[in-house]
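Take a look at the model below.

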Amino acid sequence: MSPALAIILAFVVASSLLGVLAGRRVKMNLEMWTVGGRRFGIVLIWFLMAGEIYTTFTFLGASGWAYSRGAPTFYILIYGALAYTISFFLLPAVWRLGKRHGLHTQPDFFIHRYGSRSLGVFVALVGVAFIIPYLQLQLTGLGLIVHEASNRAVSAETGIVVSFFLTCLFVYTSGIRGAAWVSGLKNVMMIVAVLVVGFGVPHIYFGGIGPMFRALLREHPEYLVFPGATTGMDVLWVMSTLLLTGAGFYMWPHTFASVFSAKSSDTIKRNAVIMPFYQLPILLVFIVGFTALLVMPGLKNGDLSFLALVNKSYPSWFMGFVGAAGAVTAMVPASVLVLFASTLLAKNVYQTGFNPGAGAERVVWLSRFMVPVIMVLALVFALYLPNALVNLLLIGYDGVTQFFPGVVLGLLWKRMSAAAAWGGLATGLGLVALLVLGGHDPLWGLNAGFVALGANLVVTGLIAVSGAGRKRA
Amino acid sequence: MQRGTKYALLLGSVPFITLVFLLPAANRIEPVILGLPFLLFWIVSWVFLTPFFLLAAYLLEKKYNRPEEDE
């Protein structure tokens with residue numbers, strides 16, 4: 001076994017064991033499994049949220065976009081800061097509602113606020129439909145990383161199957177707590193990898209970050225301002241994408257529900273204050289992508305530029321460490337995604353939709369049972385039907401953002417009704433599918449998801465004001 | 001709306017103004033500051049400053065708002 005492979009295996013197994021240990025001596029009921037008993041303090045909440053947000057594709061994608069598109073990649077650095085600012089104002093109210101009424105999931109919120117079970121089932125199904133391709137993406141990215149980092153000693157398929165099994169194990173035993181613990185280790189590994197490579201490669205090839213940018217300014221000055229090397233991603237696209245992704249960040253079913261794990265609304269607020277600092281390492285990821293552009297131009301797949309440059313610049317054991325960090329970085333979001341896909345199906349499709357009388361014990365049993373089922377589904381898509389869900393993935397972020405009006409107006413505005421939430425959601429999702437899949441993204445220089453969000457807001461507002469579908473008091 | 005919330009919203013609007021609405025004005029290479037082209041320097045600076053604005057918002061809410069009940 002090569003040192004690189006041994007390092008990957010050791011870290012992946014150790015982090016999974018940590019995840020299993022996290023659930024020891026804790027009685028796993030629904031409350032514990034999905035929201036950690038609402039007891040997470042600032043550290044665990046930070047682990048959990050940072051773990052969900054920094055996925056494999058933050059790194060492969062941010063460096064890949066820097067490599068192949070230039071400046072438009074900067075949006076990845078910005079949108080988190082906007083999302084945390086929104087979360088500072090929005091999430092404490094969501095948390096209080098969750099605490100007072102024992103909510104576990106995003107559909108729970110819609111059911112509680114709008115008193116509509118069918119809306120809850122719909123929100124749950126839409127959530128699951130967007131989660132599964134995202135989960136598949138994590139598995140695919142993980143396979144790619146393990147394959148490259150082990151110097152192709154391990155096939156992508158083997159890497160996916162092994163880590164899939166380990167992820168299932170710690171989600172099953174420890175629920176959200178397992179994800180948070182593993183994420184703690186993951187954050188350390190990832191930051192070490194990004195700091196070493198981000199400061200290291202410009203130093204190796206150019207003697208520092210400043211000289212690297214001077215070389216980039218000589219060779220590709222257009223890369224450093226919008227629209228970079230693209231034609232469609234000018235400053236208007238960047239602005240609309242920022243507003244869309246900033247709003248949509250906490251509208252993913254898993255990020256939304258993580259809020260409920262906090263022990264107080266103050267924890268949520270303090271977490272929102274510190275989170276933007278955690279965006280800054282992404283600057284180093286861009287720098288790696290830019291250095292790769294100068295040092296090894298002409299790569300076919302820009303998303304591999306990070307790994308290719310590490311491979312060229314460092315000994316193989318360090319490549320193993322980067323691979324391990326990348327693998328665990330995929331496993332943490334995968335674990336939270338599978339946990340909430342399972343809970344949405346068990347609690348909000350089965351219980352809400354078909355069997356309202358089902359007890360909490362039955363729901364948690366079914367949720368845990370669904371973990372391997374969902375994982376196998378994502379595995380089958382990742383290995384055998386890699387392109388089957390690509391359309392869902394393309395519209396994922398635009399799609400979940402369509403929940404935003406229903407959540408925000410639901411909290412702020414008494415007139416908001418189930419009919420308004422339904423109308424806005426249907427308009428938004430319909431437009432997203434029509435525009436993005438019809439090849440009209442960007443539209444008028446704007447991100448198409450942003451256009452759909454605008455239409456969604458207008459329709460929501462009009463129905464709410466008209467009072468249609470409101471029950472007379 | 002309570003006074004602390006008003007101040008907080010005012011501070012919270014800063015990242016949106018600087019990192020979204022002022023981007024067209026910041027979309028240039030010169031001057032290069034600390035080795036970073038101007039656009040990237042602008043973005044990194046305001047992302048770095050965002051937590052300080054949110055911290056100020058947090059403290060002002062604490063000072064001027066009634067304490068919130070979590071039950």
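**Where the chains meet**

The contact draws 28 residues from chain B and 36 residues from chain A. Helix 3 of chain B gives the most, with 12 residues. What classes of residue make up this side of chain B? It has 20 nonpolar, 4 polar and 4 charged residues.

This is a predicted model. The predictor assigns the complex an ipTM of 0.95 and a pTM of 0.91. For chain B, the average pLDDT is 90. In that chain, 96% of the residues score at least 70.

Now move to chain A. Helix 6 (residues 106-114) of chain A and helix 7 (residues 117-149) of chain A have axes that come within 8 Å. These axes cross at roughly 160°. Angles over 145 degrees count as roughly antiparallel, so helix 6 of chain A is roughly antiparallel to helix 7 of chain A. The crossing of helix 6 of chain A and helix 7 of chain A is right-handed.

Which residues make this contact? Helix 6 of chain A supplies Gln106(A), Pro107(A), Phe110(A), Ile111(A) and Tyr114(A). Helix 7 of chain A supplies Arg117(A), Leu119(A), Gly120(A), Val123(A), Ala124(A) and Gly127(A). By class, the residues of the contact of helix 6 of chain A with helix 7 of chain A are 7 nonpolar, 3 polar and 1 charged.

Technical notes: Residues numbered from 1 in each chain as written. Chains lettered and ligands numbered in written order. Predicted model: local features only at pLDDT ≥ 70, side-chain atom pairs only at ≥ 80, totals over all residues. Contact = placed C-beta atoms within 7 Å. Helix = DSSP H or I, 4+ residues; strand = E, 2+ residues; numbered from the N terminus. Nonpolar A, V, L, I, M, F, W, Y, C, P; charged D, E, K, R; others polar. Axes fitted to C-alpha atoms, helices over the stretch in contact; angles between N-to-C directions. Parallel < 35°, antiparallel > 145°, perpendicular 65-115°, else oblique. Left-handed = near helix turned anticlockwise from the far one by under 90°. pLDDT = per-residue confidence, 0-100.
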